[in-house]
Amino acid sequence: MNSKSIFKSALTILAFIVCSSNLLAQIRLPKLLSDGVVLQRDKELRIFGWASAGETVRLQFNKQNFETVSNALGAWEFLIPPQKAGGPYQMTFRGKNSIEVNNILFGDVWICSGQSNMEISMERVKEKYPKEIAASKNSFIRQIEVVDAYDFHQPQTDFEAPMQWLEANPETIYKFSAVAYFFAKELYDTYQVPIGLVNAALGGARVSCFLSEEALKEFPEDYQVAQEFKNDSLIEAITTADNKRAEDWYKELNLNDLGVNQSSQWSDPQYDDSHWSQMMVPGFWADQSLGFVNGAVWFRKTIDVPKSMAGKPAKLMMGRVVDQDFTYINGQQVGSISYQYPPRRYEVAPDILKDGKNVITVRVVNQSGRGGFFYDKPYYLAVGKDTIDLKGIWKYRLGTSMSSLASPTFIRWKPLGLYNKMIAPLTQFKIKGVLFYQGESNTYDPQLFAKQFPALISDWRAQWGQGDFPFLYVQLPNYMQQYNTEKESQWAQLREAQWKALSLPNTGMAVAIDAGEWNDIHPLNKEVIGKRLALQARSLAYGEQNLVASGPLFTSAIERNGALYVNFKNEGEGLVFHGDALKGFEIAGADLCFVKANATIENHTVVVNNPNIADPQYVRYAWANNPVEANLYNKEGLPASPFRNYDPETLHKVAWQGKQCAVVLTYDDALDVHLDNVAPLLDELGMKATFYISAAASGFTSRTKEWQTLASNGHELGNHTLYHPCLGNLPGREWVDPNYDLSTYSIEKMVEEIRLTNAFLGVLDHKAERTFAFTCGDMAIEDRTFMDLLRGDLVGARTVYKGIEPIDAIDPYAIKCFGVNGESGEELIAEVEKAMKNKGLLVFLFHGVGGGHSLNVSLEAHEALVRYLKAHEDVIWTDTMLDVVKNIKANQEQQ
């Protein structure tokens with residue numbers, strides 16, 4: 001290269017450097033500070049941004065001029081004196097470039113966070129609120145949505161993706177959080193003050209996702225997970241594996257599905273479906289002749305469309321489908337949704353419907369669990385006001401069956417990630433308060449939520465540095481099927497944890513026990529939730545005196561003359577009930593065997609009794625997943641919160657919780673019959689058991705989602721190692737796989753396998769505590785026990801040795817049992833009677849139930865035992881091994 005060329009190249013490089021320097025010197029504002037922003041009124045505000053180091057930055061605002069110089073890192077800030085509510089205003093920033101922020105309002109800023117029920121937009125509920133949407137124009141109600149993202153490394157100071165403030169109107173309202181919009185509307189109508197909503201919610205998020213790293217240190221299990229996910233390579237590997245597993249599954253599905261691979265595709269309206277089977281829609285094919293399968297199932301229905309509806313745009317409502325649907329009318333696809341929760345609301349083009357016969361085809365792809373169509377949802381075809389009901393008989397045929405598809409890892413739900421990315425940048429802005437609607441994803445462990453939710457409130461207040469600002473939240477609504485005999489409810493326990501969080505200052509709870517839907521975790525009645533949150537805000541944030549903002553909250557229960565007198569606060573003008581009688585109350589004596597109670601209102605007190613409970617001690621109200629009978633309100637129309645008047649932890653200090661004996665039903669090896677034969681019976685009766693899982697067993701790996709459901713129903717997934725190793729050098733152990741011969745294991749290898757199983761099960765059920773069952777009863781390797789190394793990892797352990805022991809004689813890490821093999825129901829019940837007589841612990845060890853293993857018990861004998869335990873629950877405590885071991889330890893510590 002000659003000197004002239006070198007000179008020209010140097011000039012080019014210099015020009016590039018100068019250009020780059022100028023670009024780096026550009027004033028930059030945080031994404032939240034953009035056109036249409038709502039800033040908090042009546043507080044000194046920190047207006048900040050970035051520029052090049054040492055750059056002079058000027059601000060012109062409201063006839064005032066401000067000037068500062070950025071620091072060595074390029075950060076700068078102005079302090080703006082408190083501003084009254086109003087606007088619009090403009091801010092002009094000048095440095096080496098200029099930025100104008102227009103249409104600024106000063107009002108009240110509310111952070112709206114949690115999971116999907118906060119996230120759900122007005123679009124989802126548009127059929128329920130057409131008038132509200134049509135009348136939504138209000139430039140003083142605004143929302144900005146934080147893009148869903150996570151970061152495990154450090155708290156972020158700004159958002160990466162562009163963000164836009166939207167003014168409420170019939171075009172933009174569909175993007176607003178429905179709960180937040182109705183909240184804002186109520187406040188604006190009351191105070192005429194601009195309301196800014198910052199929507200920072202993410203569906204499925206657990207409370208730990210929103211905790212800062214410092215707050216997570218109080219929860220070592222979650223803190224450790226957060227540290228692990230700082231490894232970007234781990235995230236990439238997990239994501240790649242998850243994607244490949246799903247891609248392979250769908251590739252095999254589509255390759256084998258007869259409905260898309262036959263010469264005449266099953267979506268073709270001319271296809272002959274006369275040989276297909278029939279099924280009622282809505283419904284689930286597991287309940288029909290097809291039985292429990294995963295894969296692709298096709299449904300077809302021929303309908304008559306009148307001439308008045310033909311050739312016109314239509315709307316097809318297909319309720320909710322588990323999991324994915326591809327929906328066709330006359331061979332043309334009109335819609336598809338890939339997961340079960342969104343409603344199927346499909347627009348049908350005007351050229352699709354014809355006069356006469358029309359064929360609707362739905363291909364349902366089910367990854368795991370029960371596939372089909374949810375009950376009590378809309379299924380119809382509509383043209384204007386004319387509708388055709390689609391419920392009833394449909395024809396169906398299996399396209400292909402598949403093994404279940406394991407759930408993805410959902411990295412976005414790991415602890416810390418959402419706080420760093422979605423919440424931390426917001427903490428630099430002044431706010432009025434927080435709205436929080438979350439908890440559904442924590443119902444797997446209400447006890448953990450009871451600790452983490454108050455920690456979140458305290459953590460956010462510390463991070464914002466604004467003292468105890470109002471923190472308003474929604475108590476979980478009613479959900480799931482109602483049972484005549486209510487189970488112990490984890491949803492009720494989580495509601496209790498939310499109720500107890502009211503002990504923190506300046507917190508308010510909107511009770512939603514009457515606003516849910518049994519078949520939808522995303523109920524549509526968001527208006528009542530928004531209004532109840534607004535009542536809490538009016539009381540706590542705006543200081544309205546003499547305002548009844550809450551329904552009745554339990555304070556005490558006093559026994560008098562064979563009845564319990566239940567007292568409340570926030571009863572307002574008085575207690576009332578909706579319907580023909582006050583319902584939803586249950587009482588129990590010392591045995592904690594609850595029965596439905598007669599309930600009447602006397603002044604500001606509810607009196608509950610039952611003639612069969614002579615000495616009532618315990619009362620609970622609305623204690624169920626879906627307590628539809630609960631109907632206690634105050635005269636202001638606000639429902640009472642569910643409650644119970646005792647703490648289960650204190651009951652552990654009483655041997656067997658005050659009953660004659662304890663019985664634990666345990667089931668080893670993760671067999672299919674445990675899911676098919678055992679779980680339905682236990683769930684029907686509201687009883688809990690422990691299932692000892694060998695995590696590599698085919699009965700577990702092929703049905704993980706069902707095991708996850710089993711755990712969510714209150715059963716314990718116990719640790720039975722990864723590969724079920726046994727000592728192969730003992731007589732009669734020729735069947736032991738040489739790869740898993742415990743005599744070839746080191747102590748360290750066995751401990752590692754057990755810890756890996758704990759970690760694997762923890763991913764599935766999110767529990768930090770569990771018990772262990774020794775495989776084949778083998779407790780040592782070369783005379784060295786391995787349990788002593790695991791006492792910090794496990795709460796207790798079960799052997800295979802026979803015995804019934806009193807509570808003070810039990811070694812929690814060597815619990816005896818009764819191994820079941822061919823006994824009759826009478827023989828099993830006789831063992832229970834021995835335990836009652838000796839006031840001891842009886843643990844049943846089951847393998848096969850109605851088949852599935854060489855060690856087996858008949859279905860009849862098993863059911864006879866379980867029903868006997870249920871019928872005698874007033875004197876027999878039947879629970880998981882985990883809870884029983886806690887009772888053992890609590891009593892032994894007292895001694």
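**Close-up views of the predicted model**

**View 1. A salt bridge between Lys886 and Glu769.** With a relative accessible area of 24%, Lys886 is partly exposed (buried is under 20%, exposed is over 50%, and partly exposed lies in between, using a 1.4 Å probe and protein chains only). Glu769 is also partly exposed, at 40%. The model is predicted, and local features need a pLDDT of at least 70, side-chain atom pairs count only at pLDDT 80 or more, and totals for chains, interfaces and linings use all residues. Residues are numbered from 1 along each chain as its sequence is written, and side-chain values use heavy atoms, with hydrogens and water left out. The closest N and O atoms of Lys886 and Glu769 are 2.9 Å apart; a salt bridge needs a side-chain nitrogen of Lys or Arg within 4 Å of a carboxyl oxygen of Asp or Glu. Lys886 belongs to helix α20 (residues 881–894) and Glu769 to the loop between α17 (747–765) and β40 (772–773), so the pair ties together parts that are 117 residues apart in sequence. Helices (H or I, at least four residues) and strands (E, at least two) are DSSP runs, numbered from the N terminus.

**View 2. Other salt bridges.** The count for the model comes to 51 salt bridges. Arg538 and Glu544 form one of them, with 2.7 Å from N to O. Arg538 is buried at 17% relative accessible area, while Glu544 is partly exposed at 23%. In the salt bridge of Asp42 with Arg41, the closest N and O atoms are 3.6 Å apart. Here Asp42 is partly exposed at 45% and Arg41 is buried at 16%. A network of salt bridges links Glu123, Lys126, Glu127, Lys315 and Arg345.

**View 3. Asp323, a buried charge without a salt bridge.** Asp323 sits in the loop between β15 (321–322) and β16. The nearest side chain of opposite charge is that of Lys705, 4.5 Å away (Lys and Arg count as positive, Asp and Glu as negative; His and the chain ends are not counted). What lies 2.8 Å from a polar atom of the Asp323 side chain? It is the backbone nitrogen of Gln367. Leaving aside neighbours within four places in sequence, Asp323 is in contact (heavy atoms within 4.5 Å) with residues including Ile337, Tyr339, Arg344, Val364 and Gln367.

**View 4. An open sheet of 6 strands.** The strands are ordered β11-β23-β13-β19-β16-β17, and their pairing is antiparallel. Two strands pair if DSSP finds at least two bridges between them. At the edges stand β11 (277–281) and β17 (332–337), each pairing on one side only. Neighbouring strands are turned by 30° against each other on average, direction ignored; the axes are lines fitted to C-alpha atoms, and angles run from 0 to 180 degrees between N-to-C directions. Strand β16 (residues 324–329) is joined to β17 by 5 bridges, and Phe326 stands opposite Ser336 in β17.

**View 5. Strand β10 and its partners β7 and β8.** How many of the 7 residues of β10 (195–201) are buried? The number is 7 of 7. In a regular strand the side chains alternate between the two faces of the sheet. In β10, one side holds Ile195, Leu197, Asn199 and Ala201, the other Gly196, Val198 and Ala200, and both faces are covered. Strand β7 (residues 98–114) runs parallel to β10 and is joined to it by 7 bridges, with Val109 opposite Gly196. Strand β8 (residues 138–145) is also parallel to β10, with 5 bridges; Glu145 has Asn199 as its bridge partner.

Definitions and conventions:
Polar contact = N/O pair within 3.5 Å; in protein donor to acceptor, adjacent residues only side chain to side chain.
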